[in-house]
Each structure stands twice: as structure tokens, then as C-alpha cells.
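Here are my notes on the model you asked me to look over. They are set out as numbered points, so that each can be checked against the coordinates in turn.

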Amino acid sequence: MMRKILYLCIFAGTLIGLTACDDGRLYEDESPIAVEGRTVNLLAHLSGIASWPGPEYYVELAGFGDDSEYALISKAIPAPSTEGGEVSIQLAGIKDNVKRVELCVLNRLRKRVLSFYTIEEADLKASSTINVDAGTLNVGMYHTMQERVFNTTCVNCHGAATSAAAGLYLTEGRSYEALVGVPSVKMEGLHIVEPGKADESVLYQALATDVSIAENWRYNHTAEVVNEDILALIRTWINSGAKE
Ligand code: HEC
């Protein structure tokens, strides 16, 4: 904010010979001044935005530099008035150090956890204003876990074939009912997912720590989860109520 004000002061100063700008109306008067950098206008039909619990996570339009997962610039995407409704969002002031702009989920450190849509560098550099339609996307927290975790790594053993390990089906459409509030067959007295209590949920315990020796499991499940961010996401999902 201060930088923007300073910039406006210098601009106005050189332009019309002013040396000070203590009158707050300068913003209105000078509104035609172009914001430095590129602008992305993104249109999308989105569902599931409200399922991400702030301040842990936000769905944002964010710019990233080379080799960094931390956003250099970002803007939170508002939930549409109806699920699946149209959202239009503008990200302005995108500087040259931004190499990609993504519709993504950022955590509270502004690190990208998951990405749904990417505008690559070539498209970003093509013009100063980029208009894109990201189409229809379900960015819901549970839906994303299903697609990015269960479908890719778990269903091989949990339900894609005719049987499911431990009787647990993690396939689309079945996983939620099979997980939430369901008594564990492997750890007596616990639920697979206990809403609000990740540490008491078998799903989280088995992915976060190697329970295979203590609980006499065949598989050490910690190898199944791809990274710490996804593990944190599963933890937050359970602790924020394990909603579908
Ligand atoms: C290589 C096969 C395999 C894969 C892949 C696999 N599992 Fe399992 N899973 C098992 C087996 C077998 C058991 C029963 C415990 C044991 O013997 O290891 C089990 C048990 C479980 C249980 C305990 C169920 C209960 O009732 O207590 C949960 C929860 C679970 N798996 C979740 C997952 C998740 C989530 C993934 C993906 C991230 C996954 N599993 C990937 C084989 C697998």
C-alpha cells in the first residue's frame, strides 16, 4: 500500500510539479494511471470454493516465479453466488518475475498446495492483458482429495478391483460413506475418520506414522502419501469437520 502511494506521489510530482500529495483525493483524480505489469482476467464456473477452511487455505489466482511454490502475487477468489456459478476475477500488476499464473489453493504461508488451472509463461508474455476462460471446475476440498489422492494412489488396493483391502472402498462415490464415522476394522475402538479429531482417526494415523509394526499391518501406508502438504490437507480436512 505504502509503495503504491509513494509511486503515485512521484508520478504526480514529476507530471505536474507537485512536491507533496497529502490530500487523499489524489487516488480518484489520477485513476487513469496504469498499474505496472500485466493483467489477467479469468472467467470460470466454480463449485466447492467454500469447502476450503480459511485461514488455513484459500482458493486464489496467484502468480509464481521460477522454481518457487510460494506466491509472489495473489488474489482470493470469491465463491460464486450459486454452486457452479460464474466467477470473474482480475489479477493486475503482474511483474516480469512472475512466470506462471495459477488458479490454485494456497496455504497460510502462501505456498501452493494444489493447482487447478495454469496460464503458462508463453501465454502470459503474449500481451499485457490476458483473458482466459478456465471452464467448469470442481475445486471442492473433498473432491480434490478424491481425485488427487484416493484415485491416484489408494484405489489400486482399495476398491478399483473386485475387492478392497480391509473392506475399505476409496473409489469415487463410495469413499466418503466408507470413511467418515465408520469403525476401523484394523484398530479397535477407533473410527477411520472421526470428524474434528485427526489424531484419533485411523486414516490420518496410518498416513502420518508407520503403524504397521505396532498394529501388525502388512503395509506401511506412510509411503502412499506424496508430500507433507497433502498430509497437512488431510489433517485439516478432518479437524475442520470432514465435510463432503
Ligand atoms: C498396496 C496396497 C495398498 C495401498 C496402495 C493402500 N492401502 Fe490402505 N490398506 C491396505 C491393506 C492391506 C490394509 C489392511 C492393513 C494392512 O494389512 O496393511 C489397509 C488398510 C487401510 C486403512 C485401515 C482401514 C480400517 O478399517 O482400519 C485405511 C484407513 C487405509 N488403508 C487407507 C488408505 C489410503 C488413504 C490409501 C492411499 C493414500 C491406501 N490406504 C493405500 C493396502 C493398501
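The points below go from the overall fold to the metal site, the core and some local backbone features.

1. The model is a predicted one, and the points that follow should be read with that in mind. The protein chain contains seven helices and seven strands, which follow one another along the sequence in the pattern α-α-β-β-β-β-β-β-α-β-α-α-α-α.

2. Of the 244 residues in the protein chain, 42% count as buried. Among contacts with a separation of 6 or more, 60% are made by residues 24 or more positions apart.

3. The iron atom of the ligand is coordinated by the NE2 atoms of His-158 and His-221, at 2.0 Å.

4. What arrangement do the six donor atoms form around the iron atom of the ligand? The arrangement is octahedral, because the angles they subtend run from 89 to 180 degrees. For comparison, the ideal angles for six octahedral donors are 90 or 180 degrees.

5. Is His-158 buried or exposed? His-158 has a relative accessibility of 10% and therefore counts as buried, given that the cut-off for burial is under 20%.

6. The largest nonpolar core comprises 56 residues, and those with the most contacts inside it are Val-40, Leu-103, Leu-179 and Trp-237. Domain 2 (35-137) and domain 3 (142-239) both contribute residues to this core, so the core lies between them.

7. For Val-40, if neighbours within four places in sequence are left aside, the contacts include Leu-61, Ile-89, Leu-91, Ile-94 and Val-101, and also Ile-119, Leu-124, Ile-130 and Val-132. Gln-90 is in contact with Val-40 as well.

8. Thr-39 lies in strand 1 and is buried, with a relative accessible area of 15%. Not counting residues up to four places away in sequence, Thr-39 touches Gln-90, Leu-91, Ala-92 and Ile-94, together with Ser-128, Thr-129 and Ile-130.

9. Some backbone features deserve a look by eye, given that most residues other than glycine have a negative phi and most peptide bonds are trans. Gly-54 and Pro-55 are joined by a cis peptide bond, with omega at about 0 degrees, and Pro-55 is found in the loop between strand 1 (38-47) and strand 2 (57-64).

10. Ala-166 is not a glycine, yet its phi is positive, near 55 degrees. Ala-166 is found in the loop between helix 4 and helix 5, and its relative accessibility of 49% makes it count as partly exposed.

11. Asn-216 likewise has a positive phi, of about 60 degrees, although it is not a glycine. Asn-216 sits in the loop between helix 6 and helix 7 and counts as exposed, at 65% relative accessibility.

12. How many disulfides does the structure hold? The structure holds zero disulfides. As for individual cysteines, Cys-154 counts as buried at 14% relative accessibility, whereas Cys-157 counts as partly exposed at 45%.

Notes: Residues numbered from 1 in each chain as written. Predicted model: local features only at pLDDT ≥ 70, side-chain atom pairs only at ≥ 80, totals over all residues. Heavy atoms only, no water. Donors = N, O, S within 2.8 Å, 3.2 Å for Na, K, Ca; no water. Tetrahedral: all angles 85-135°; square planar, octahedral: opposite > 155°, others 65-115°. Buried < 20%, exposed > 50% of the residue type's maximum accessible area, 1.4 Å probe, protein only. Core = buried A, V, L, I, M, F, W, Y, C linked by side-chain atoms within 4.5 Å. Domains from an automatic or database assignment. Contact = heavy atoms within 4.5 Å. Helix = DSSP H or I, 4+ residues; strand = E, 2+ residues; numbered from the N terminus. Disulfide = S-S within 2.5 Å.
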